[in-house]
There are 2 protein chains.
Amino acid sequence: MPGRKPGVTKAIPETSIPLDPGAIRRIIEKQEFDFRTASIREMNKLVNCIEAELGIRFLRMEFGIPGLPAPPIAIEAEVEALRRGEVAHVYSPFEGIPELKEEASRFVHLFLDLDVPPACCVPTVGAMQGCFASLAVASRRHPDRKTVLFLEPGFPVNKLQTRLLGLKTAQIDFYDHRAEKLIQAVETRAKKGDLCAVIWSSPNNPSWIVLKETELEGLGAICDRFDLLAIEDLAYFGMDTRQDYSIPGRPPFQPTVLRYTRRGICIISSSKIFSYAGQRIALSILSPGLLENDNHNLVERFGTSNTLHAFVHGVLYPNTACVPETPQYGLLALLKAANRGDRSLFRAGKEYARRAAIMKKLFLGNGFHLVYDNDLGEPLADGFYFTIAYPGFDLGVDLQLRLLHYGISAITLETAGSCRKEGLRACVSLVSDDQFPILEQRLQQFRQDHPR
Amino acid sequence: MPGRKPGVTKAIPETSIPLDPGAIRRIIEKQEFDFRTASIREMNKLVNCIEAELGIRFLRMEFGIPGLPAPPIAIEAEVEALRRGEVAHVYSPFEGIPELKEEASRFVHLFLDLDVPPACCVPTVGAMQGCFASLAVASRRHPDRKTVLFLEPGFPVNKLQTRLLGLKTAQIDFYDHRAEKLIQAVETRAKKGDLCAVIWSSPNNPSWIVLKETELEGLGAICDRFDLLAIEDLAYFGMDTRQDYSIPGRPPFQPTVLRYTRRGICIISSSKIFSYAGQRIALSILSPGLLENDNHNLVERFGTSNTLHAFVHGVLYPNTACVPETPQYGLLALLKAANRGDRSLFRAGKEYARRAAIMKKLFLGNGFHLVYDNDLGEPLADGFYFTIAYPGFDLGVDLQLRLLHYGISAITLETAGSCRKEGLRACVSLVSDDQFPILEQRLQQFRQDHPR
């Protein structure tokens, strides 16, 4: 795993860049997967192999994982809970420990400006399980609707979830659909009558566009009108650094579709905002409207007609019984700190933004351009990801392969569901300050070797 | 949650036993569920209400949760991992951390006397996720086989898993099927051609019978012959206290179907043996034969034809991404200790056996009898559960209701899938030594009020 054990201690001189094409080809050929359709994890494995075999440290931009340590406040809360001797041996309630649910409700009030009862704030084993449960419930709300509409690009693993659940998918891309055009396209698609849910990520992985309030309002209205479940992946909560979302109870508030629909589930990962990915704890915030939504189609698979009950007792219970208990105390401590105004908890977003500003400049200064290059006419925020392309490379996979020779790894936008074939997704989290000069040097070399 | 916050501080005098039927009736009527079909969790909630409203402490025998604290060795290993600062912020490998997989493989060698490579030892978010993933994979191995055969009684939540996955179920009961009769019944049922898997719990929840090697051999052979997945729930690993399974590398070894089939998944919970339920960590041990089992039916849902790969990358990855990391270090420490011969880790089984011996004697001495009353002619071990009935009560639910008036709670055997309608499952874990005299007194009172 990158960020854990780099594995590369000796560094080869930069004069070896570009790397020997024969050596790279041999390492690629040894893999069990096809390079041209490699997943993120497969790319990750390939780059590990190249680093180990050729003794070179890469600029690792392929993997969207936190690059900062977990906050001590969470660590110590877990330690305290473990040592108290009351929790590790008994099952936690399926719906989450009451204190966490109450603090989450307060967090939603202070940072989303919404009143959601604790019952609707449900911890899950990572945002992954929250999305899985949301899709599972969505897929049974109407017997004849088995298609999930993905607003693209997005988190690739959501597609593995629909595959696992036997669902179909449809796509609309933010690249050419924003504002009224987006709403119209979603509405037209909803009219076909086969959709059960719409899912998206905003701030968006990987384009870093952020849906505007008017867009969320339009999406929410469509979900209510066509009885679709809105599944909002807020993995990058508070990380649109053009705004300061870090002051509790004071605007601006994190935009969310929950403000505009009675049929939404907003999934708040603690992996990125709180650098807390390893302990697998997230929150699913269900629209209070779903509490009252009685749907007899749910009974067959979940034993209840109530959506919240189906989510908790029909999916989470037979899936993992409950969320491991001490991470719930860790997240509780983080939410408490954020709720009382400890802004240091939003430091990760700021740090990634700082790195992104530097790294984007290096790429753009060396002939690259952004694929998703604006946010409804405004400049994009600097954040966890940005998207890049280079003149003369019509296919992202070709650019991805060429960059490997320069010690730079990324994934194709196609991997992230984008309609744009030419680009790559670059993640800033694992590149450290001491690597910026090396990145610059390698990009200059790349530009020199690939004149326009 | 019982065992956590008893909630009852004042004790009413034992002269109030039996409790006021009107008060009990009113509390039952206030519940949102039907008492006659109540689940374990619903019974648990009801008893919490009665305890709180009437100010009486029950003998809590309805809930099968550990009643002992988690071992310090696990707690300290988690604390150490948390404070090391390397793990909480990064995702763990989907397939589990390498050290845990290696130690698990060693544990399987030393305590099951089987050689299973680390790749086949996969941690999951509790045994619940292990069963879920096993059933999910099993259900896609043959397109036209959607029925899971349950050897009953068993863990009730497995039925919620088949419901969630849209599978059908069939039942064969240990009560009237053991030895050759069991094998013949399973074979006859397998011949119908609609089974994808056979699932059972041994030592059995709740009858505490333990399948013999010849039975496991027969089951394994049927699974190989009909290409069924054997899903063995070893939640009560090492807890057949008639044998001493605690010495590494020395017989007797824990019986397991993995010895007899190339198509088995054995799920080892750490909740009971290690009193480690709250942190949700278990092991799924896959038959090495499944590594070589290439099945193209798996591709559609899991993206691979390999069963192990489908289990890890097709189910676990899109379900929870990975197992929370520090509990993996906790389990690693426990396995290491067990592997080097620290027998104290098996103390839970011994402690439950001690309590069961006392409690069974109290029940049997007061007119009760065991429903599942022998283990293929041998006496049952004393363990986590036993099964009880009382003359004149043809329905377990009636006995359950009557016992509530005596401050004793249990669940019906029907809840656990048993064909026996008259009995109850009693769990010993939450009854402490100071409660034995109270149990005795209440049972004597019950007997006096219910002469044969």
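Mentor: Begin with domains. Domain bounds come from an automatic or database domain assignment. For chain A, the assignment gives domain 1 (14–67 + 346–449) and domain 2 (72–343). The C-alpha centres of domain 1 of chain A and domain 2 of chain A lie 29 Å apart. Contact between them takes 29 residues from domain 1 of chain A and 32 residues from domain 2 of chain A. Two residues are in contact if their C-beta atoms, placed from the backbone, lie within 7 Å.

Trainee: What kind of model is this, and how are its parts labelled?

Mentor: This is a predicted model: local features need pLDDT of at least 70, side-chain atom pairs count only at pLDDT 80 or more, and totals for chains, interfaces and linings use all residues. Residues are numbered from 1 along each chain as its sequence is written, while chains are lettered from A and ligands numbered from 1 in the order in which they are written.

Trainee: Which elements give two or more residues to the side of domain 1 of chain A that touches domain 2 of chain A?

Mentor: First, the labels. Helices (H or I, at least four residues) and strands (E, at least two) are DSSP runs, numbered from the N terminus. On that side of domain 1 of chain A, the elements are helix H13 (347–364) and strand S10 (385–389) of chain A. H13(A) gives the most, with five residues. By type, that side of domain 1 of chain A has 17 nonpolar, seven polar and five charged residues. Ala, Val, Leu, Ile, Met, Phe, Trp, Tyr, Cys and Pro count as nonpolar, Asp, Glu, Lys and Arg as charged, and the others, Gly among them, as polar.

Trainee: Is H11(A) buried or exposed?

Mentor: A residue is buried if 20 or more other C-beta atoms lie within 10 Å of its own, exposed if 12 or fewer, and partly exposed in between; C-beta atoms are placed from the backbone. Twelve of the 14 residues of H11(A) are buried, so the helix is largely enclosed by the rest of the structure. Among them are Leu308(A), Phe311(A) and Tyr317(A). After H11(A) comes Ala321(A), with a positive phi near 70°.

Trainee: Which residues of H2(A) are buried?

Mentor: Start with the general idea. An α-helix has 3.6 residues a turn, so residues three or four places apart point the same way. In H2(A), the buried residues are Met43(A), Leu46(A), Val47(A) and Ile50(A). They fall within an arc of 95° seen down the axis of H2(A), so they line one face of the helix. The arc is that of the directions from the helix axis to the C-beta atoms. The partners of these buried residues of H2(A) include helix H1 (21–30) and helix H14 (396–404) of chain A. Just after H2(A), Gly55(A) takes a positive phi of about 65°.

Trainee: Which residues touch the most other members of the largest nonpolar core?

Mentor: In soluble globular proteins, nonpolar side chains tend to be buried together. A nonpolar core is a set of buried Ala, Val, Leu, Ile, Met, Phe, Trp, Tyr and Cys residues joined through C-beta atoms within 7 Å. The largest has 298 residues, and Ala197(A), Val198(A), Ala197(B) and Val198(B) touch the most other members. Leaving aside neighbours within four places in sequence, Ala197(A) is in contact with residues including Leu135(A), Val148(A) and Ile231(A).

Trainee: Where are the cis peptide bonds you would show me?

Mentor: One joins Pro251(A) to Pro252(A), with omega near 0°. Pro252(A) lies in the loop between strand S6 (229–233) and strand S7 (264–269) of chain A. Another joins Asn205(B) and Pro206(B), with omega about 10°.

Trainee: What is the phi of Asp227(A)?

Mentor: Phi of Asp227(A) is near 55°, a positive value in a residue other than glycine. Asp227(A) has 16 C-beta neighbours inside 10 Å, so it counts as partly exposed.
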